[in-house]
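Here are some notes to read alongside the structure, written for someone meeting it for the first time. Please take the points in order and keep the model open as you go.

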Amino acid sequence: MKITIVVPCYNSGKHLTQCMTSVLNQDYPDYEVLACDNESTDGTYEYLLQLEKENENLTVVQLPNIYPNGYGEAQEYVIENTTSDYITFVASDDYIDTEYISNCMRIFAHNPDKIKCIQSGFYGVHGARVTNYQQHSYKNIEEFKELCLVRSPVNTPTVVWHRSLLNMIRTHEAHVAAGLSGIGAGDYDTYCHMADNGVFIYPVPKHLGYYYRWHEDQATWKVHEAKKETDYDKIIQDYWKNKWTS
């Protein structure tokens, strides 16, 4: 089973070396890395092109910077261009253990007909320190829906998708109408959309090897700032509450 690791990048120079080293040194036998640069101005794209010359399993593309606080450009590109069985995204300021992909694929191999999408816990990283551990737990789609009406119960960076679900990433009509594309809230709405269509995101009850870096320049903080003006989480919650309880 082949998997594509997608690394969305925008002015990622500060942490990119650690990220790319980790994704290019996986012990899983059949994977490729797709680095999507969003018109970086700090040398990120040039660095990626050099890496591409040195690594057969790395492909670098440059995409228009349409969604400044999200990675919709990379999502749209991989939907149209991937031939892999599975897809996952690794943020350019995060990193993964050498056996991370092997650990993920072992879960799918256990029951490939039933398990189509997974998430796992991650360790937070602040500076050079590994700090807190974050994991979500729920038993079925109904419990997942209940959690969705409070907050997003998904660690987005750790989600691994089967290719048959890629169209779920595409924004549905209500998503577009609410203006969620590209502001970092779209993933939350997508997970609700998946649950509404009976897709279960299997919560793996252990750490598989993902490390999420907290820092003041990350898009997450910019999304939080945007939410001070417009509460996108509430828009999502109100929409799905109305749909699921009406």
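1. Strands, like helices, are DSSP runs numbered from the N terminus (E, at least two residues, for strands; H or I, at least four, for helices). Strand β6 (residues 117-126) and strand β8 (residues 160-162) pair in the antiparallel sense, over 2 bridges. Two strands count as paired if DSSP finds at least two bridges between them.

2. Before going further, a word on the source: this is a predicted model, in which local features need pLDDT of at least 70 and side-chain atom pairs count only at pLDDT 80 or more, while totals for chains, interfaces and linings use all residues. Residues are numbered from 1 along each chain as its sequence is written, and side-chain values use heavy atoms, with hydrogens and water left out.

3. Now back to β6 and its other partners. With strand β9 (residues 202-214), β6 pairs in the parallel sense over 8 bridges, and here Y123 stands opposite Y211. Strand β7 (residues 129-134) runs antiparallel to β6 and is joined to it by 4 bridges; F122 stands opposite Q134 in this pairing.

4. β6 and β7 form a hairpin with 2 residues between them. In that turn, G127 has a positive phi of about 65°.

5. How much of β6 is covered? Of its 10 residues, 8 are buried, and the strand is mostly covered. Buried means under 20% relative accessible area, exposed means over 50%, and partly exposed lies in between (1.4 Å probe, protein chains only).

6. Please turn next to helix α9 (residues 232-245). Its 14 residues reach 20 Å from the first C-alpha to the last, close to the 20 Å expected at 1.5 Å a residue; the expected span is 1.5 Å times one less than the number of residues.

7. Which residues of α9 are buried? They are Y232, I236, Q237, W240 and W244. Seen down the axis of α9, these buried residues fall within an arc of 130°, so they line one face of the helix. The arc is that of the directions from the helix axis to the C-beta atoms. On the other side of α9, N242 and T245 are exposed.

8. A salt bridge here is a side-chain nitrogen of Lys or Arg within 4 Å of a carboxyl oxygen of Asp or Glu. D238 and K234 are 4 residues apart in α9, about one turn of the helix. D238 is partly exposed at 39% relative accessible area, and K234 is partly exposed at 45%.

9. How many salt bridges are there by this rule? The count comes to 4. One of them joins K2 and E32, with the closest N and O atoms 3.4 Å apart. This pair links distant parts of the chain, 30 residues apart: K2 lies in the segment before β1 (3-9) and E32 in strand β2 (residues 31-37). K2 counts as partly exposed at 25% relative accessibility, as does E32 at 23%.

10. Finally, E142 and K145 meet in a salt bridge (3.9 Å, N to O). Being 3 residues apart in helix α5 (residues 141-148), E142 and K145 are separated by about one helical turn. K145 counts as buried, at 15% relative accessibility.
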